[in-house]
Structure formats: structure tokens, C-alpha cells
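Me: I would like to learn how to read a model like this one. Can we go through it feature by feature?

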Amino acid sequence: MDMDKRMENNIVTLSGKIFSQPVFSHTLFEEQFYTFDLCVLRLSGNCDILPCMICQKTMATVNLFEGDMVSIQGQLRSHNKIVDGCSR
């Protein structure tokens with residue numbers, strides 16, 4: 001599968017409550033990025049706290065405040081983490 005097709009298929013929509021105010025994370029190619037946590041409710045009633053990232057250009061078009069209910073769309077990015085010698 002080519003890269004364009006993978007990026008086209010890598011779309012996720014999340015709805016939940018902003019759990020933390022966006023804070024500056026880093027700058028890449030002169031664009032600033034911010035991170036915040038989103039609380040997404042499962043059908044079981046439990047909440048998953050998911051880290052989200054947003055660029056400054058997008059942040060300039062919306063107001064994000066802790067406690068706000070939002071629906072966001074973007075790409076899912078993940079990585080392996082070694083915990084007690086095991087990949088997770």
C-alpha cells in the first residue's frame with residue numbers, strides 16, 4: 001500500500017471533554033504545536049485520557065478550554081514503549 005493511501009485511511013474522529021488546557025509542546029519547521037488531554041467516554045462508562053496535538057494555525061481558529069465538549073478529527077499516531085523489558 002502506498003503512503004498516500006495509508007494517510008487517506010488513517011482518519012479518526014474522537015468526541016469527548018477537554019481534560020487539560022492546551023500547552024506549548026514544540027516547534028517544527030517554524031510552526032508551533034500544542035498538546036492537551038481529551039477524556040473520551042467508553043460505553044462501559046470508563047474514561048480514556050488520550051493525548052492530542054494541535055498546530056498553532058488550527059488553534060487560531062478555535063477556542064479550547066478545559067471542560068469543553070469537542071469532536072476532533074485527525075490522524076492516529078502511536079509508538080511502542082518498553083515497560084519492564086516488554087514492548088507495549
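Me: How many Å apart are the mean positions of the positive and negative charges of the protein chain?

Reply: This is a predicted model. In it, the mean positions of the 8 positive and 10 negative charges are 6 Å apart.

Me: Which elements does the protein chain contain, and how do they run from the N terminus on?

Reply: The protein chain has two helices and seven strands. From the N terminus on, their order is α-β-β-β-β-α-β-β-β.

Me: Which strands does strand 1 join, and how do they run?

Reply: Start with strand 5. Strand 1 covers residues 12-18 and strand 5 covers residues 69-74. Six bridges join them, and the two run antiparallel. Ser-15 gives you a place to look: Ser-71 in strand 5 stands opposite. Now turn to strand 3. Two bridges join strand 1 to strand 3, again antiparallel. Here Lys-17 has Cys-39 of strand 3 as its bridge partner.

Me: What should I keep in mind about side chains in a strand?

Reply: In a regular strand they alternate between the two faces of the sheet.

Me: How many aromatic pairs does the count give here?

Reply: The count comes to one aromatic pair. Its rings belong to Phe-24 and Tyr-34, with centres 5.9 Å apart and planes at 80°. Planes over 60 degrees apart count as edge-to-face, so this pair is edge-to-face.

Me: Which parts does the pair of Phe-24 and Tyr-34 tie together?

Reply: Phe-24 lies in strand 2, residues 23-28. Tyr-34 lies in strand 3, residues 31-41. The pair therefore ties together parts that are ten residues apart in sequence.

Me: Is Tyr-34 buried or exposed?

Reply: Buried means under 20% relative accessible area. Tyr-34 is at 16%, so Tyr-34 counts as buried. Phe-24, at 45%, is partly exposed.

Me: What share of the protein chain is buried?

Reply: Of the 88 residues, 16% are buried. The protein chain exposes about 7,200 Å². Carbon and sulfur atoms supply 54% of that area.

Me: What box do the C-alpha atoms fill?

Reply: Along the principal axes, the box is roughly 40 × 35 × 25 Å.

Me: And what share of the contacts joins residues at least 24 apart?

Reply: Take the contacts between residues at least 6 apart in sequence. Of these, 44% join residues at least 24 apart.

Methods: Residues are numbered from 1 along each chain as its sequence is written. This is a predicted model: local features need pLDDT of at least 70, side-chain atom pairs count only at pLDDT 80 or more; totals for chains, interfaces and linings use all residues. Side-chain values use heavy atoms; hydrogens and water are left out. Rings of Phe, Tyr and Trp (its six-membered ring) pair if their centres lie within 6.5 Å; planes under 30 degrees apart count as stacked, over 60 as edge-to-face and the rest as tilted. Helices (H or I, at least four residues) and strands (E, at least two) are DSSP runs, numbered from the N terminus. Buried means under 20% relative accessible area, exposed over 50%, partly exposed in between (1.4 Å probe, protein chains only). Two strands pair if DSSP finds at least two bridges between them. Contact means heavy atoms within 4.5 Å. Accessible areas come from the Shrake-Rupley method with a 1.4 Å probe; for residues, only the protein chains shown count as cover. Lys and Arg count as positive and Asp and Glu as negative; His and the chain ends are not counted. The place of a charge is taken as NZ of Lys, CZ of Arg, CG of Asp or CD of Glu.
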